[in-house]
Amino acid sequence: MAAVAGRGGLTGPYTGFPMPVFPPESLLGRYHAWGRAWGDLQYDPAARLLLFPSVARDGSAPTDHMTRDSLYYARVLLDGRAEEDTGKATGIIEAVLATQVTREGSPVRGNFPWAAEAPEEKVWDPNWACFHAQTILEILHWHAPRLPDGTVGRLERSLALCAAHDLARWVSPAYSNIALLTTVCLAVGGDWLRDPALAAAGRDKLREIHEWVRVTQAFDEYNSPTYASINLRALASLLGFLRDEVSLAKVRDLWGLQWTLLLDRVHVRTGQLAGPWSRAYGRDLLRSTHGHVKFQLRRALDERWPLGLESEGGASDLFPALLVADPDCPPE
């Protein structure tokens, strides 16, 4: 088994942002249980992956398997700290990593398919690399000592490929959620891998985002029930895993602004965000789980914020379980 929690990165051993203990009866305990239950239901032990939940038009059961959400599920299993889940989570991690495109010269090298069964030419969503990288970094920071050394090494090699993919892509800071996830992949990933070039590139991207948002005083994917939540998750990773104060000061600015903009639009009586928005998969927070940010708002506002529908049998059911270690809304 791996002996240490991480390589230590560029600025000394990692000591912060531990995975907390969350009692089952607490809100975070319930969040974890919801995600765990959905993953258990979709898990295919033969493939060691989660099946897509949709049913074909002819009524037949799904046969393809998810990559990103399977990795989420592995993290959720490890977060529960049950020793009997470690082997299962390790198997899922290995199965997901096996789907990454590693062929030299491939235009999608470093990326993952949506479906594990998809051929290389169908790997079309370039965002999957940075989504996977965030979960890989969470697993490495919180759970590496519980995993076999070989699995830790493969996670690190996969992270390096994700970072090379995102470095070559270099998205605009206007693409809010993916720009922040790219920063996580490059800055935090570079620190973990002790790669100064990647770490510096990630901090360059952070400076780009910070300046862009400073000028506009808004995120381009504004007032979005979906992407405000992705932004907050990415900023939580940066708050927790970066260790240099220059970067952390920028992250705290972005974190505070995202919460300020969000709470400025909260309409408690209806459980909705008021006003226009940009890009969301499900605008009605009460009757959908695609408006992920409602789970962050419930944590911040307690019973004042109604959750409405807690589950609808899709991959969004995993999202609440991913919040259990994220810092809450700033007190101010």
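A residue is called buried when its relative accessible area is under 20%, exposed when over 50%, and partly exposed in between, using a 1.4 Å probe and protein chains only. By that rule His292 is buried, because its relative accessible area is 11%. This is a predicted model: local features need pLDDT of at least 70, side-chain atom pairs count only at pLDDT 80 or more, and totals for chains, interfaces and linings use all residues. Residues are numbered from 1 along each chain as its sequence is written, and side-chain values use heavy atoms, with hydrogens and water left out.

**Terms for reading on**

- Helices (H or I, at least four residues) and strands (E, at least two) are DSSP runs, numbered from the N terminus.
- Contact, or touching, means heavy atoms within 4.5 Å.

**The three-stranded sheet**

- Three strands form an open sheet in the order E1-E2-E3, with antiparallel pairing. Two strands pair if DSSP finds at least two bridges between them.
- Strand E1 (43-44) and strand E3 (65-66) stand at the edges. Each has a single partner strand, so one side of each lacks a neighbour in the sheet.
- Strand E2 (residues 49-51) runs antiparallel to E3, and two bridges join them.
- Which residue of E3 stands opposite Leu51? His65 does.
- Helix H2 (residues 68-79) packs on this sheet and touches E1, E2 and E3. The direction of H2 makes about 125 degrees with that of E2. Axes are lines fitted to C-alpha atoms, for helices over the stretch in contact, and angles run from 0 to 180 degrees between N-to-C directions.

**Helix H2 against helix H3**

- The axes of H2 and helix H3 (residues 83-97) come within 9 Å and cross at roughly 160 degrees.
- That angle makes H2 roughly antiparallel to H3. The cut-offs are under 35 degrees for roughly parallel, over 145 for roughly antiparallel, 65 to 115 for roughly perpendicular, and oblique for the rest.
- H2 passes H3 in a left-handed crossing. Left-handed means that the near helix is turned anticlockwise from the far one by less than a right angle; clockwise is right-handed.
- On the H2 side, the contact residues include Leu71, Tyr73 and Leu77. On the H3 side, they include Ala89, Ile92 and Val96.

**Asp79, in helix H2**

- Asp79 lies in H2. Is Asp79 buried or exposed? Asp79 is buried, because its relative accessible area is 0%.
- Beyond residues up to four places away in sequence, Asp79 touches Met19, Phe22, His32, Trp142, His143, Ala321 and Val324.
- Asp79 and Cys162 are 83 residues apart in sequence. Their C-alpha atoms are 23 Å apart in space.

**Gln42, in helix H1**

- Gln42 is found in helix H1 (residues 27-42). Gln42 is buried, with a relative accessible area of 12%.
- Gln42 and Phe52 are 10 residues apart along the chain, and 7.5 Å separates their C-alpha atoms.
- Not counting residues up to four places away in sequence, Gln42 touches Leu49, Leu50, Leu51, Phe52 and Pro53.

**Ser176, in helix H6**

- Ser176 lies in helix H6 (residues 176-193). Ser176 is buried, at a relative accessible area of 4%.
- Leaving aside neighbours within four places in sequence, Ser176 is in contact with Phe219, Asp220, Glu221 and Asn231.
- A polar atom of the Ser176 side chain lies 3.2 Å from the backbone nitrogen of Asp220.

**His292, in a loop**

- His292 sits in the loop between strand E5 (272-273) and helix H10 (293-301).
- Setting aside neighbours within four places in sequence, the contacts of His292 are Pro225, Thr226, Ser229, Ile230, Ser316 and Phe319.

Notes: Polar contact = N/O pair within 3.5 Å; in protein donor to acceptor, adjacent residues only side chain to side chain.
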